[in-house]
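The structure is shown first.

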Amino acid sequence: MNWLRRWVNWLRALLGHKQWVGQNADDVPDRPSSRTVYLVGDESSPPWAAALLCPCGCKELIQLSLISGDNPSWRADVGRNGLVTLHPSVWRVRGCHSHFFVRDGRILWARDGRPSHGRPALGRPSTRY
Ligand SMILES: [Zn+2]
């Protein structure tokens with residue numbers, strides 16, 4: 001029954017475990033889905049912006065520059081499994097003031113500038129948004 005277990009795990013990963021995926025887009029959709037980081041760009045160049053709904057549930061759209069010369073700017077990596085990682089963490093200075101890391105499709109919440117669990121993610125300073 002190995003195949004069944006594998007299938008269940010796959011389904012669970014897809015549905016139940018709140019994992020965030022990266023998705024290429026021409027533009028930020030009018031109704032963005034949660035748990036999706038939209039990588040905005042066209043086919044001729046790497047994406048220049050990332051957009052996601054704030055994971056705290058406040059429903060605000062967070063837009064991050066992926067242009068390396070910008071300050072602040074972020075890097076988005078999408079693994080072969082579709083799960084997304086953002087460097088460095090996102091620290092909102094308006095609204096809900098959420099501070100979180102997105103790593104391998106998971107949200108790691110920071111507390112006092114550090115993740116509340118696990119080792120300090122990425123060892124980089126946080127970038128305020
Ligand atoms: Zn929020």
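## Zinc site

Four donors count as tetrahedral if all angles lie between 85 and 135 degrees. The model described here is predicted. Its zinc ion is coordinated by the SG atoms of C54, C56, C58 and C96, at 2.2 to 2.3 Å. The angles among the 4 donor atoms run from 106 to 114°, and the site is tetrahedral. For comparison, the ideal angle for four tetrahedral donors is 109.5 degrees.

Along the chain, the donor residues of the zinc ion follow the spacing C-x1-C-x1-C-x37-C. What is the relative accessibility of C54 and of C56? C54 has 5% and counts as buried, because the cut-off for buried is under 20% relative accessible area. C56 has 37% and counts as partly exposed.

## The four-stranded sheet

An open sheet is formed by 4 strands in the order β1-β2-β3-β4, with mixed pairing. The edge positions are held by β1 (21-25) and β4 (61-65); each has a single partner strand, so one side of each is left without a neighbour in the sheet. On average, neighbouring strands of this sheet are turned by 25° against each other, direction ignored.

Strands β2 (residues 36-40) and β3 (residues 49-53) run antiparallel and are joined by 3 bridges. Within this pairing, L39 has A50 as its bridge partner in β3, and V40 stands opposite A49. On to β4, β3 pairs in the antiparallel sense over 5 bridges. A50 is also found in this pairing, with L64 as its bridge partner in β4.

## Burial around β3

How many of the 5 residues of β3 are buried? The count is 5 of 5, so β3 is largely enclosed by the rest of the structure. In a regular strand the side chains alternate between the two faces of the sheet. Both faces of β3 are covered, with A49, A51 and L53 buried on one side and A50 and L52 buried on the other.

S65 is placed in strand β4. S65 has a relative accessible area of 15% and is buried, because the cut-off for that class is under 20%. The C-alpha atoms of S65 and A51 are separated by 8.9 Å, and the two residues are 14 residues apart along the chain.

β5 (residues 75-78) and β6 run antiparallel and are joined by 4 bridges. In this pairing V78 stands opposite V84 of β6. The two strands form a hairpin with 5 residues between them, and G82 in the turn has a positive phi of about 90°.

β6 is also joined to β7, by 3 bridges and in antiparallel fashion. W91 stands opposite H99 in β7. β6 is mostly covered, with 7 of its 8 residues buried.

H87 is located in strand β6 (residues 84-91). With a relative accessible area of 10%, H87 is buried. Which side chain makes a polar contact with the side chain of H87? The partner is the side chain of D77, at 3.1 Å.

## Salt bridges

Side chains of opposite charge can pair when their charged atoms come close. The model has 2 salt bridges. One is formed by D77 and R75, whose closest N and O atoms are 3.2 Å apart. D77 counts as partly exposed at 31% relative accessibility, and R75 counts as partly exposed at 42%.

Another salt bridge is between the side chains of E60 and R92, with an N to O distance of 3.2 Å. E60 lies in the loop between β3 and β4, and R92 in the loop between β6 and β7 (99-103), so the pair ties together parts that are 32 residues apart in sequence. Is R92 buried or exposed? R92 is buried, with a relative accessible area of 2%. E60, at 34% relative accessibility, counts as partly exposed.

Definitions and conventions
Residues numbered from 1 in each chain as written. Predicted model: local features only at pLDDT ≥ 70, side-chain atom pairs only at ≥ 80, totals over all residues. Heavy atoms only, no water. Donors = N, O, S within 2.8 Å, 3.2 Å for Na, K, Ca; no water. Tetrahedral: all angles 85-135°; square planar, octahedral: opposite > 155°, others 65-115°. Buried < 20%, exposed > 50% of the residue type's maximum accessible area, 1.4 Å probe, protein only. Pairing = 2+ DSSP bridges. Axes fitted to C-alpha atoms, helices over the stretch in contact; angles between N-to-C directions. Polar contact = N/O pair within 3.5 Å; in protein donor to acceptor, adjacent residues only side chain to side chain. Salt bridge = Lys/Arg side-chain N within 4 Å of Asp/Glu carboxyl O.
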